[in-house]
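Open the model in your viewer and keep the sequence panel in reach. Each stop below names a selection and then says what is there.

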Amino acid sequence: MRIAVAGATGNIGALTVAALQKAGHDVVRISRSLGVDLVTGDGLDAALAGVGAVVDATNATAADPAETVAFFTAATRNLLAAEERAGVGHHVLLSIAGVDRVEGNAHYAGKREQERLVAAGPVPWSIVPATQFHDFAAMLAGWTERDGVAAIPPLLVQPVAPADVADVLAEVAAGAPQGRCPDLAGPEPQDLVDMARRTHQARGRTVKLVPTWAGPLGTDMAGNVLLPGEGARIAPTTFEEWLATA
């Protein structure tokens, strides 16, 4: 099958490309660095010629909700319109588990609008909502680290391995549209501060972690908010197994 991956040079996108190729699919990589711009639509029609399914693993880095929503809106509208013109039969979106439970976060606001556009759009769809990835804790600490000290919120998460997410996206893309899929999560809950400490330790880094809500993520993510919902699909790779290769 000919399958396109939007955001193909990102973390999950690159892993999804590899998973699809391993399964024998013909993969089209879509990324601005590869000459296809989702926000302007440049290069999309040529990229989607003969494509049967599209996996959207794009990401946004803007901290402002309006900017993030604007990015996801433009990119998703352009992608869906080009898919309709090309006769693509399946749009697969990677989203976030519990995306409706967090109001103040810019990324969540953008993903909610992206989900709305996909569900209301002209192309049959599947949405795969995943929990935070195993590398999330160290990434978050890296955002705030100054002189060997990093602030990190004491969140409860049930992280999933990026490679497991890619495998599920590849599997879903090769099948029939499913609508909203069950949440995808790792095998067990983890404390984010402890995850960051252990990741730094595994990488030979010494970083003093300060648990605090005075950072980019607020108390609206506390408690069970970030945990998967009922009937979640549990991916196999534990945090410890991932850490051994981090």
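**Before you start**

This is a predicted model: local features need pLDDT of at least 70, side-chain atom pairs count only at pLDDT 80 or more, and totals for chains, interfaces and linings use all residues. Residues are numbered from 1 along each chain as its sequence is written, and side-chain values use heavy atoms, with hydrogens and water left out. Helix and strand names follow DSSP runs, numbered from the N terminus: helices are H or I with at least four residues, strands are E with at least two.

**Stop 1: strand β5**

Select residues 125-130. This is β5, and five of its six residues are buried, so the strand is largely enclosed by the rest of the structure. Buried means under 20% relative accessible area, exposed means over 50%, and partly exposed lies in between (1.4 Å probe, protein chains only).

β4 and β5 run parallel and are joined by six bridges. Two strands pair if DSSP finds at least two bridges between them. Look for L94, which stands opposite V128 in β5. To get from β4 to β5, the chain passes through helix α4 (residues 106-120), in a right-handed β-α-β crossover. Right-handed means that, with the strands pointing away from the viewer, the path from the first strand over the helix to the second runs clockwise.

Two bridges join β8 to β5, and the strands run parallel. Here I127 stands opposite R180 in β8.

**Stop 2: helix α4**

Select residues 106-120. α4 has 15 residues and reaches 22 Å from its first C-alpha to its last, close to the 21 Å expected at 1.5 Å a residue. The expected span is 1.5 Å times one less than the number of residues.

How many of the 15 residues of α4 are buried? Eleven are, so this helix is largely enclosed by the rest of the structure. Among them are A106, Y108, A109, G110, L117 and V118. Covering here rests on contact, meaning heavy atoms within 4.5 Å.

Zoom to the start of α4. A side-chain oxygen of N105 reaches to within 2.9 Å of the backbone nitrogen of H107.

**Stop 3: charged pairs**

Side chains of opposite charge can pair when their charged atoms come close. A salt bridge is a side-chain nitrogen of Lys or Arg within 4 Å of a carboxyl oxygen of Asp or Glu. The whole structure holds ten of them.

Stay on α4 and select R116 and E113. Their side chains form a salt bridge at 2.7 Å, N to O. The two residues are three apart in the helix, so about one helical turn separates them. R116 is partly exposed at 45% relative accessible area, whereas E113 is buried at 18%.

Next, pick E103 and R112. They meet in a salt bridge at 4.0 Å, N to O. E103 counts as exposed, at 59% relative accessibility.

Move to E171 and R233. Their closest N and O atoms are 2.8 Å apart, in another salt bridge. This pair links distant parts of the chain: E171 sits in helix α6 (residues 162-173) and R233 in strand β12 (residues 233-234), 62 residues apart. Both are partly exposed: E171 at 44%, R233 at 36%.

**Stop 4: strands β1 and β2**

Select residues 2-6 and 26-30. These are β1 and β2, which run parallel with five bridges between them. A6 has I30 as its bridge partner in β2. The chain crosses between the two strands through helix α1 (residues 11-22), and this β-α-β crossover is right-handed.

**Stop 5: Q158**

Finish at Q158, in the loop between β7 (156-157) and α6. Is Q158 buried or exposed? Q158 is buried, with a relative accessible area of 11%. A polar atom of its side chain lies 2.9 Å from the backbone oxygen of G186. Leaving out residues up to four places away in sequence, Q158 touches residues including T131, Q132, P187, L227 and I234.

Conventions:
Polar contact = N/O pair within 3.5 Å; in protein donor to acceptor, adjacent residues only side chain to side chain.
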